[in-house]
Amino acid sequence: MKSYFHHLTETADQHGVRLLDAFIHAGVNTSVYYRTRQGSDLSYQNALRVHDSIIELAEKHIEDHAAAPEEAHELADNHA
């Protein structure tokens, strides 16, 4: 059976999100990240928070990149 940490690692990799960033964004102490990485158990509640954070960060990344081409056109129009 895969651990919560293993699932989170796979999910973060699939979404192009650094797992440590997801822990920080979720408000979970970085010490929990490092302890879990070394083999300590991660609570279900923290795993769920981090999972939700991965999804939020991935969606924000997509939104930021979708807005970037529009901003580039606006800048080009302003300089013309």
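I began with Tyr4, which counts as partly exposed at 38% relative accessibility (buried is under 20% relative accessible area, exposed over 50%, partly exposed in between, with a 1.4 Å probe and protein chains only). This is a predicted model, where local features need pLDDT of at least 70, side-chain atom pairs count only at pLDDT 80 or more, and totals for chains, interfaces and linings use all residues. Residues are numbered from 1 along each chain as its sequence is written, and side-chain values use heavy atoms, without hydrogens and water.

Next I looked up ring pairs. I found four aromatic pairs in the whole structure (rings of Phe, Tyr and Trp, the latter by its six-membered ring, with centres within 6.5 Å; planes under 30 degrees apart are stacked, over 60 edge-to-face, the rest tilted). One of them is Tyr4 with Tyr44, tilted, at 6.0 Å centre to centre and 55 degrees between the planes. Tyr4 is in helix H1 (residues 4-15) and Tyr44 in helix H4, so this pair ties together parts 40 residues apart in sequence; helices are DSSP runs of H or I, at least four residues, numbered from the N terminus. I noted Tyr44 as partly exposed, at 49%.

Phe5 belongs to helix H1 and Tyr33 to helix H3 (residues 30-37), 28 residues apart. Phe5 is buried at 16%, and Tyr33 is buried at 10%. I also saw that ring pairs link Phe5, Phe23, Tyr33 and Tyr34 into a cluster.

Last, I checked Asn46 in helix H4 (residues 44-79). Asn46 is buried, at 15% relative accessibility.

Methods: Helix = DSSP H or I, 4+ residues; strand = E, 2+ residues; numbered from the N terminus.
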